[in-house]
Amino acid sequence: MSVIPLRIAVVLLAGLSSGALHAADYPQKNIDYIVPFAPGGAVDFTGRLIAEAAPEVFDGHGFVVKNMPGGGAVIGQTHVSRAPADGYTLLAMTSSVINNALTKPVSYDLDSFTPLALFNLDPGVIVTATDGELEDLQAFLDAASSDSVSIATPGDSTSHHVTALALAEEEGLNFRYVHNTSAALQLHQLMGGHVQAGFMSLGEAIGPVEDGSIRILALLDGARNDLAPEAPTYQEVTGHEFQWGTFRGIAAPAGLADDVKEELEARLGELLTSPDFVERMGEAGYRVDYRDGDAFSELLEGTAEQMLRVLPLLETAS
Amino acid sequence: MDYSALLAAGAHAFSLWPLLSLLAGVSLGLVVGSIPGLNDTITLAVLVPITFALPSNIAFPLLVGVYCSACFGGAFPAILLKIPGTASSVLTAVDGHAMTRQGRAGQALGIATYSSTFAGTLSALVLIFFAPILAQYALRFGPAEYFALCILGLSTVVGMGAGNAMKSALACLLGLLVAMIGMSPESGYPRFTSGNFWLYEGLPLTPILIGLFGLSVVFEMLSSERSNARDKGADEVPVRFADMLLPWSMVRRLLPTWLNASALGNLVGVLPGAGMLVAIYMAYERVRRKFGERCGQGLPEGIAAPEAANNSVVASSMVPLLSLGIPGNSTSALFLGALLIQGLRPGPSLFTDTPDIAYLIVICFLIANLAMFPLGLLLARIIPNMIRSVPRALLAAAIACLCFTGAFAIGNSVFGIMVAVAFGIIGFMFNRLQVPLSPFILALVLAPVIERAFFQSMSLSGGSVAYFVTQPLSAAMLLFTLIFMVWPLGKLIIRRRRQVPG
C-alpha cells in the first residue's frame with residue numbers, strides 16, 4: 001500500500017519542480033519548427049536558415065524543420081494550434097493564418113497563436129514581361145480601366161489574388177485572373193507572354209528582374225526598396241496610397257507561459273538579428289526586418305482588418 | 001557556351017571529393033529509388049539541409065547523383081516484384097515483371113540499366129549544349145498548349161487496356177473522378193471534402209501510388225497460396241551477370257526505341273509542371289502502337305521505352321531551373337533551395353556569374369548517368385538474390401513496413417497511411433478484376449493540370465473554346481489526339497468490313 005502513494009508523491013514533486021524551474025530549464029530538447037508548406041518554397045527555405053543558426057542560440061538544441069503541407073497550409077497551422085504550449089512546437093507564421101481563418105471553416109483564429117517574432121516583410125509588386133506591351137504603371141491602369149488586363153496569380157484566394165481584387169475594387173479596374181499553383185508557374189506565364197501582368201512579392205520577383213526577364217511596374221509599399229531602387233511605388237505614380245505585402249514570422253500556440261515566452265522571444269530576437277543570419281538571408285535575396293512579438297501582433301491585427309474589408313470581394317469573385 | 005569553363009568543370013568533377021560525393025549520391029539514389037515508398041523528392045528534402053554546411057563542389061555532386069539515379073532505382077522492384085519503386089517506373093513494371101515471371105529477370109534488369117544509362121547520358125548532353133534553346137521553346141507553352149498536351153497524354157490510355165478498352169476507359173474515368181476531390185483551382189470551392197482539411201488539396205499522390213502498387217502486392221502475397229506458387233517458379237531462376245549484358249543485336253534492336261523515348265522525354269521534360277508521367281506514357285504508347293498485342297507480355301521495348309523516357313526527363317527538368325530560374329517540379333524546387341543557400345541564383349546569370357559551379361552541376365549530370373551503369377549492374381546482381389533469400393512472409397512484412405514509412409513521411413501524418421491502405425485495397429481489387437492501373441494513375445495526375453489549364457484558357461479568351469484551335473501548337477496536338485483516338489476505331493471498322501464478305 002505504501003508504495004503507490006510514494007510513487008504519486010514522486011511524480012507530483014517532479015511535476016511541481018519542473019513547473020517551477022521551467023524558465024531556467026528551457027530549452028531542454030529540440031524544438032519542432034512546423035512549416036505548413038511543401039519543401040522548396042520561401043517559408044521552408046527561410047525556416048531552414050533559422051534552423052541552421054538555432055543551436056548556437058538555443059544552448060545546443062536544434063530546430064527540427066517539419067513540413068506539413070496540405071489544405072492551403074491548414075494542416076500545419078491546425079497542428080500547431082493544438083500542440084502543447086510548452087515552447088517546443090513553433091509555427092512558421094504567414095498571412096495565410098489570417099486568410100484561412102476568414103475563408104475556411106478552420107478550428108483556429110489569430111488568438112490561437114502567440115506571435116513571437118517577425119523576421120521578413122516582403123512588399124507586393126505588379127510585374128510584367130520585359131518585352132510586354134504595358135510600358136509602365138499608367139499604361140497598365142489605362143488598359144485595365146478601358147478594357148481588361150490578364151493577371152497571373154499564384155493561386156485562388158492567395159494573398160496576391162486578394163491584393164489584385166482590392167486594387168481592382170479601389171480603382172475600378174477589370175482583371176481576368178489566371179490562377180496557378182505556384183509562383184514558378186506564374187513566372188513561366190509572364191515570361192512566355194501568355195498573360196499581361198502578375199501580382200507577386202518582391203522577394204520572388206527580384207531574381208527574374210535582375211535577369212531582365214520581367215520588370216516591376218509598381219511597388220506596393222510606402223517607399224522604394226533598395227533591392228529594386230528603380231521600381232516606383234504605387235503612390236509615386238498615382239498619388240493614391242495602396243500598400244500590400246506578405247510577411248514571415250514565428251509563432252507558438254496560445255497559452256504559452258510568460259517565462260517561456262520571454263525566453264523564446266529573447267533568444268529568437270538574438271538569432272534573427274545576428275549578423276550571420278542577416279548575411280545568409282541577404283545572400284538569398286531576403287531582407288531581415290526584425291520585430292518583436294508585440295509589434296508582430298499589431299501587424300497581424302492590421303492585416304486581419306484589411307482582409308476583412310476585402311473579404312466580400314473574394315466571395316463575389318468566386 | 002564557355003568551353004574552357006566546361007572543361008575546367010569537367011576536370012574539377014574528377015577530383016577526389018566531388019567524384020566521391022557524386023558516386024555516393026548515385027549509390028544512395030539507387031537504394032532509395034529501389035525502396036518502395038522512398039523517392040528522390042523525400043531524399044533530397046532530407047539531404048538539402050545537410051548540404052548547407054558543405055562546400056558547393058561537394059554538395060551539388062551529391063544531390064545530382066541522387067536525383068539522376070533514383071528513378072532508375074525504381075525499376076528494380078518494378079521488374080522483380082511488380083512494385084514500382086518510384087512513380088516513374090509504373091509502366092516498367094508491366095513488361096518487366098512479365099519477363100521476370102518468364103525467368104528472364106536478368107535480361108529485364110539489363111535492359112533497364114542500358115536504357116537508363118543511354119537516355120540519361122543523352123539528355124545530360126542536351127542539358128549541357130542546348131539548355132537555353134529548350135528553355136525558350138518551353139516558354140511558348142501557355143495554358144492552351146498545356147491543355148492540349150495533357151489531353152494528348154490522356155489519349156494514350158485508349159490502347160492501354162491490353163485488349164480491353166472498356167476496362168481501361170473505366171480506370172481512366174475513375175482516376176478523373178478521384179482527381180475531382182479537393183478545392184477547385186478556379187474558385188477555391190472545396191469539392192467532395194466533407195469539411196476535411198486533409199482533402200482540400202486533393203488526395204496526396206505518393207500515398208496513393210504506395211497503396212496501389214506496394215500494399216496491393218503485399219495483400220496479394222498474403223491472400224493467395226496460388227499466386228505464391230506462381231511466383232516461386234520464376235524466382236528459382238537465379239540472376240547471372242551474363243544475362244544482364246545485352247548482346248549487340250539487342251542493343252541495335254532497342255536503339256530506335258531509346259531515341260524515340262529520349263526525344264519525347266527531353267521535349268516534355270523541359271515543360272515546368274507537365275510531369276514525368278506524360279513523357280513515359282507517350283513513349284510507351286509508341287511502343288504499343290508498333291508491337292500491339294505483344295506489349296505487356298514481356299517485350300524488351302516495353303522496359304526500354306519508359307526507362308529511357310524517365311531518365312531523359314531527369315536532366316531536362318533542370319533546363320527551366322538553370323536557364324530561367326523556374327523550378328519545373330518539386331525536386332528541382334529543392335535544387336533551387338540548395339542553390340540559394342549556397343549563395344547562387346539560378347537563371348541566365350548562373351553560367352556567367354558562377355560558371356565554375358554551374359558547369360560543374362551540368363557535368364555532374366553526365367558523369368552520374370555514366371556511373372549509373374556499373375553501379376546499377378552491381379545492384380542488379382545483389383538485389384534479386386537478396387529478395388530470393390528472404391521468406392515470402394517476411395518479404396511481405398518488410399514491404400508493408402516500408403510502405404507505411406513512406407506514406408507517413410510525405411506529410412508527417414497518419415493520414416498518408418490511411419490513404420495508402422485504402423488504395424492498397426482498391427489496387428488489390430483492380431488486380432483481381434484485371435482492370436489496368438496505369439490509366440487510373442495517368443488520369444489522376446493529368447486531371448488537375450487539364451482543369452487548371454482549361455480555366456486559365458477560358459479566363460484569357462473570355463470564355464471562347466475556339467481558343468484551343470486558334471493557337472497553332474495546341475491545335476496540332478489536339479489534331480494528333482483526334483487521330484490517335486479515331487485510328488484504332490477506324491482499323492476496327494475496316495477489319496469488320498473485310499471479314500463480312502469473307
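Q: How many helices and strands does chain A have?
A: Chain A has 13 helices and 10 strands. Helices (H or I, at least four residues) and strands (E, at least two) are DSSP runs, numbered from the N terminus.

Q: Anything to know about the model and the numbering?
A: This is a predicted model, where local features need pLDDT of at least 70, side-chain atom pairs count only at pLDDT 80 or more, and totals for chains, interfaces and linings use all residues. Residues are numbered from 1 along each chain as its sequence is written, while chains are lettered from A and ligands numbered from 1 in the order in which they are written.

Q: Which domains is chain A divided into?
A: There's domain 1 (3-121 + 246-316) and domain 2 (124-244). Those bounds come from an automatic or database domain assignment. The C-alpha centres of the two domains lie 30 Å apart.

Q: And how many residues are in contact between them?
A: 11 residues of domain 1 of chain A are in contact with 11 residues of domain 2 of chain A. Two residues are in contact if their C-beta atoms, placed from the backbone, lie within 7 Å. On the domain 1 side, α5 (96-103) and α13 (293-317) of chain A are the elements that give two or more residues, and α13(A) has the largest share with three residues.

Q: New topic: which residues have the most contacts inside the largest nonpolar core?
A: Val125(A), Leu63(B), Cys150(B) and Cys364(B), in a core of 275 residues. A nonpolar core is a set of buried Ala, Val, Leu, Ile, Met, Phe, Trp, Tyr and Cys residues joined through C-beta atoms within 7 Å. Helix α19 (residues 355-389) of chain B gives the largest share, 18 residues.

Q: Why does that core lie between the two domains of chain A?
A: Because domain 1 and domain 2 of chain A both give residues to this core.

Q: Back to Val125(A). What is its bridge partner?
A: Leu219(A), which is in β8(A). Strand β4 (residues 113-129) of chain A pairs with β8(A) in the antiparallel sense over six bridges; strands pair if DSSP finds at least two bridges between them. Leaving aside neighbours within four places in sequence, Val125(A) is also in contact with others, including Met200(A), Ile216(A) and Ala231(A).

Q: Is β8(A) mostly covered or uncovered?
A: Mostly covered: seven of the seven residues in β8(A) (residues 214-220) are buried.

Q: What about helix α8 of chain A?
A: Nine of the nine residues of α8(A) (residues 183-191) are buried, so that helix is largely enclosed by the rest of the structure. Among them are Gln186(A), His188(A) and Gln189(A). Just after α8(A), Gly193(A) takes a positive phi of about 75°.

Q: Last one: how many residues of chain B are in contact with chain A?
A: 43 residues of chain B are in contact with 41 residues of chain A. On the chain B side, α17(B) gives the most, seven residues.

Note on methods: Buried ≥ 20, exposed ≤ 12 C-beta atoms within 10 Å, placed from the backbone.
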